[in-house]
Amino acid sequence: MFPLFSKLDIYIARTLISKILFITSAFFILIFLIDLLENSRKLSDSFKFYNLLLFSTLHAFEIIAQILFFITFLGCLFTFLQFAKTSELQVMKISGVSNLRIAKPFLIIILGLSLLPSILFSQISDYTSSKQLQTTNSFGATGLCLKEQSQHNYFL
């Protein structure tokens, strides 16, 4: 009888988690910097740099939650590519490890990651959308937009 988690399962899971964390951090940094540059034009007396960092971080987490399935796929792909490149898959197969036993850590981690957006990131999304609405309302009220009046209507 096999123990619940063998050394092989822990090794595969550790490799997969490290790949997923690396890819997630790369996407997070990319999304954060793009969002920071995009929202930097909103800086004013009422919208400080701290708010800009907060909203960019929360927005990056929100996008990460939306692309988490893609990140997981890339993590699995890169893990298998690393195992194939270092011939670890062949060693596992020759030593009698079944495909199901190799897939067990992947399935457990993927199941856990599939629950993560519904548990954690939904709260971040609600908070971000409410703060974004407040900021948009105060941004328009500060007079940062140039308003011109003709005889019949206003132009921004």
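Setting aside neighbours within four places in sequence, Ile109 is in contact with Ala13, Leu16, Ile17 and Ile20, where contact means heavy atoms within 4.5 Å. The model here is a predicted one, so local features need pLDDT of at least 70 and side-chain atom pairs count only at pLDDT 80 or more, while totals for chains, interfaces and linings use all residues. Residues are numbered from 1 along each chain as its sequence is written, and side-chain values use heavy atoms, with hydrogens and water left out.

Ile109 also turns up in the largest nonpolar core, which has 23 residues; Ile12, Leu16, Ile20, Met92, Ile102 and Ile109 touch the most other members. Helices H1 (7-39), H2 (49-66), H3 (68-85), H4 (88-94) and H5 (99-141) each supply at least two residues of this core, and the largest share, nine residues, comes from H1. A nonpolar core is a set of buried Ala, Val, Leu, Ile, Met, Phe, Trp, Tyr and Cys residues joined through side-chain atoms within 4.5 Å. Buried means under 20% relative accessible area, exposed over 50%, and partly exposed in between (1.4 Å probe, protein chains only). Helices are DSSP runs (H or I, at least four residues), numbered from the N terminus.

Over in helix H3 sits Thr79, which is buried, with a relative accessible area of 0%. Leaving out residues up to four places away in sequence, Thr79 touches Thr15, Leu16, Lys19 and Phe106.

Next come the rings. A search of the whole structure finds five aromatic pairs. The ring centres of Phe28 and Phe32 are 6.1 Å apart and their planes are at 10°, so this pair is stacked. For rings of Phe, Tyr and Trp (its six-membered ring), pairing needs centres within 6.5 Å; planes under 30 degrees apart count as stacked, over 60 as edge-to-face and the rest as tilted. Phe28 and Phe32 are separated by about one helical turn because they are four residues apart in helix H1. Phe28 is partly exposed at 21% relative accessible area, whereas Phe32 is buried at 17%. Together with Phe61, Phe28 and Phe32 form one aromatic cluster.

Helix H1 shows up again in the lining of the largest pocket, where H1 gives the most, with five residues. The lining divides into eleven nonpolar residues, one polar and no charged. For pockets, a 1 Å grid over the protein atoms alone is used with a 1.4 Å probe; a pocket is an open set of points with protein on both sides within 12 Å along at least five of seven lines, and lining residues have an atom within 4 Å of a point. Ala, Val, Leu, Ile, Met, Phe, Trp, Tyr, Cys and Pro count as nonpolar, Asp, Glu, Lys and Arg as charged, and the others, Gly among them, as polar.
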